[in-house]
Amino acid sequence: MDTRFCQVAVDGHVMTVTIDRPELRNALHGDAHFELGDVFDRFEADPSLWVAILTGAGDKAFSAGADLRTPFDKDDPRAHRGMPVPSTGFAGLTWRFARRKPVIAAVNGLALGGGFEAALACDVIVAADSASFGLTEPKVGLAALGGGIQRLVQELGPKRAHALLLTARRITAAEAQACGLVAEVVPDADLLACARRWADAITACSPASIIATKAIMQSYYDRGMEASNREMFDLPEVRAMLTGADAREGGKALFEKRAPVWADPPRKAD
């Protein structure tokens, strides 16, 4: 992929996206948002890519949030409600609610404002010892409008979320792990290896099963416990899993005592 503000590397079924503005602590401006939106569009569309890892260049920041210094034309036809982001949100992720494939955030250094929101929009967060997190927008007269407020309330419950949201304070990687936001904390030098280990654990599973699992989770978020349970067999992702090759391959591989050979998932229907 021809990119200016991020680096994209593919290894097997895993795509690693590195935000590449270290001189600005990987803060994102309009063009970077739209570029990342395109990158994750391509990730979703490519059947050979099963998992993505998102991280930041350098050792200072995953992303310090929005680049407030670079002007953006609110009349730009790409703008979403006059904001310098695509319809899929900050970093092309925070409003990508129909995303089918897992994304892992490998957080190095600061994850502040929109940077924290991008991490929260991922399925799994792993963090370096040096990482810190915070929705700090109120300290500059703004609010977290990329889904971070809603996700923190959903993840932490109201009172713990309020304690962070209404003070705009930062928390360490250890604190984020203790409250369940971060899956694993490792030394800084081990961060990408840790993220890859998690990605490999996901790619050991059937991609059709992972896509179906994510679709059921989203239906639960959207519709609640009872409706999600009653309607999940009508989800196209669940029907595709039950009738697909992987459902047969999994049982066959188990019987033959070998590792299964999973099929690439079908492209998402338009």
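Two strands are taken to pair if DSSP finds at least two bridges between them. In this predicted model, that criterion brings six strands together into an open sheet, with the order 1-2-3-5-7-10 and mixed pairing. Strand 1 (6-11) and strand 10 (184-186) form the edges, each pairing on one side only. From one strand to the next, the twist averages 20°.

Strands of a sheet pair through backbone hydrogen bonds, either parallel or antiparallel.

Attention now turns to helix 7. This helix spans residues 207-223, 17 residues in total, and its first and last C-alpha atoms lie 24 Å apart, close to the 24 Å expected at 1.5 Å a residue. Its buried residues are Pro207, Ala208, Ile211, Ala212, Lys214, Ala215 and Ser219. These residues lie on the same side of helix 7 because they cover an arc of only 160° around the axis. An α-helix has 3.6 residues a turn, so residues three or four places apart point the same way. The cover over the buried residues of helix 7 includes helix 8 (225-231), helix 9 (236-243) and helix 10 (245-255).

Just after helix 7 comes Gly224, which takes a positive phi of about 95°.

Key. Residues are numbered from 1 along each chain as its sequence is written. This is a predicted model: local features need pLDDT of at least 70, side-chain atom pairs count only at pLDDT 80 or more; totals for chains, interfaces and linings use all residues. Side-chain values use heavy atoms; hydrogens and water are left out. Helices (H or I, at least four residues) and strands (E, at least two) are DSSP runs, numbered from the N terminus. Axes are lines fitted to C-alpha atoms, for helices over the stretch in contact, and angles run from 0 to 180 degrees between N-to-C directions. The expected span of a helix is 1.5 Å times one less than its number of residues. Buried means under 20% relative accessible area, exposed over 50%, partly exposed in between (1.4 Å probe, protein chains only). The arc is that of the directions from the helix axis to the C-beta atoms. Contact means heavy atoms within 4.5 Å.
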